[in-house]
Amino acid sequence: MATHLLRLGHACDHACRYCTVADDPDPELSREEALARVDAVPKGEGLTITGGEPTLHPDLLEIVRRAKERGLFPVDLQTHGAHLSEASSVDRLHEAGLDIALVSVPSHDPAVYRELTGKDDLAKVLTGIDTLLAAGIETNIDHVITARTYRSLPDFVDFIGKRFPRVNRILLGMVRPNGACAQHPELVPRLVELELFLYDALDRLRNRHAYYEVEGVPLCYLQGYEHHNAETQRALDAPVSYAGGKRRRDIHGFVHSRLKRKAAVCERCLLDPLCVGMWVEYAQLNGTNELFPVFTPPDRVRERMERYYQRWREEHRRHRSR
Ligand code: SF4
């Protein structure tokens with residue numbers, strides 16, 4: 001399923017220490033430019049609206065409505081969620097046609113949340129998730145793994161599972177040491193330190209049968225869970241492009257070929273053809289010595305991945321026909 005990314009701009013009222021958008025030169029989009037980019041997306045394909053913080057854009061409702069009128073699916077929104085606690089504004093987004101919200105929750109501890117985002121907004125964000133779910137919008141959680149939070153990763157997934165049993169999918173993404181995080185290298189955990197906590201969290205997610213994915217972690221640190229690696233899935237699946245505008249390049253193809261790094265040992269690894277490796281900036285910070293070859297048959301990973309995403313796509317098809 002092809003997906004198009006619509007970045008409305010950089011404007012945001014949070015100051016996340018791990019934000020990567022600071023590196024992106026895109027300007028703030030006017031209403032006309034945003035609508036023109038929506039119009040350039042072929043019918044039936046997906047649109048991901050992002051920012052900055054897209055709920056601050058004055059024309060967001062019109063943009064969502066236009067995407068829906070043009071038959072785009074799914075239309076999803078990447079947000080910090082702090083402005084979605086009012087039922088009336090979420091209902092308007094639902095009526096306009098929003099299918100999915102991906103809400104960033106970097107910690108379930110209010111003090112750590114404040115430290116990472118610069119805002120005391122955790123309670124509002126959690127209420128925003130309740131409001132999205134009550135409105136019937138599929139709601140997913142995006143959690144950035146940092147050195148401040150990786151030890152509490154198992155507690156985090158338990159918290160989300162108990163507080164939001166109807167959340168459909170959790171995305172665990174290793175912090176990328178660029179953008180704002182380039183000034184905070186202390187926020188980047190080592191893979192070898194993360195490993196046990198990540199496996200514990202993944203075991204808990206598996207026992208709950210939730211959809212869950214991991215980004216930014218090479219396959220040698222996801223043994224038995226390789227098919228949950230979102231980057232490998234994207235590398236095998238349809239590309240993601242910028243919606244309209246001048247930049248129509250395949251975003252993930254560009255990321256994998258230019259922004260990821262492997263090591264000499266990868267040549268001996270059976271999963272080399274499926275793995276995108278580690279962030280270039282992580283390799284610059286810590287080297288590549290943590291990588292090690294694994295001997296899992298790649299076909300087994302492909303089959304598991306195909307089954308996992310087939311189930312996911314069918315669920316979306318059912319959602320669409322409701
Ligand atoms: S050794 Fe290299 S190719 Fe193999 S899983 Fe690790 S990073 Fe990927």
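## A buried loop residue

A residue is buried if 20 or more other C-beta atoms lie within 10 Å of its own. In this predicted model, Leu 84 has 26 C-beta neighbours inside 10 Å and therefore counts as buried. Leu 84 belongs to the loop between β3 (75–79) and α3 (87–96).

Beyond its neighbours within four places in sequence, Leu 84 is in contact with Thr 55, Thr 79, Ser 89, Val 90, Gly 128, Thr 131 and Leu 132. Glu 303, by comparison, stands 219 residues from Leu 84 in sequence, and the two C-alpha atoms are 38 Å apart in space.

## Helices α1 and α2

Two packed helices are described by the angle between their axes and the distance between the axes. For helix α1 (residues 31–39) and helix α2 (residues 60–69), the angle is about 20 degrees and the axes are 9 Å apart. Angles under 35 degrees count as roughly parallel, and α1 and α2 are therefore roughly parallel to each other. The crossing of α1 past α2 is right-handed.

On the α1 side, the contact is formed by Arg 31, Ala 34, Leu 35 and Val 38, which meet Glu 62, Ile 63, Arg 66 and Ala 67 in α2. The residues of this contact comprise 5 nonpolar and 3 charged, with no polar ones.

Definitions and conventions
Residues numbered from 1 in each chain as written. Predicted model: local features only at pLDDT ≥ 70, side-chain atom pairs only at ≥ 80, totals over all residues. Helix = DSSP H or I, 4+ residues; strand = E, 2+ residues; numbered from the N terminus. Buried ≥ 20, exposed ≤ 12 C-beta atoms within 10 Å, placed from the backbone. Contact = placed C-beta atoms within 7 Å. Axes fitted to C-alpha atoms, helices over the stretch in contact; angles between N-to-C directions. Parallel < 35°, antiparallel > 145°, perpendicular 65-115°, else oblique. Left-handed = near helix turned anticlockwise from the far one by under 90°. Nonpolar A, V, L, I, M, F, W, Y, C, P; charged D, E, K, R; others polar.
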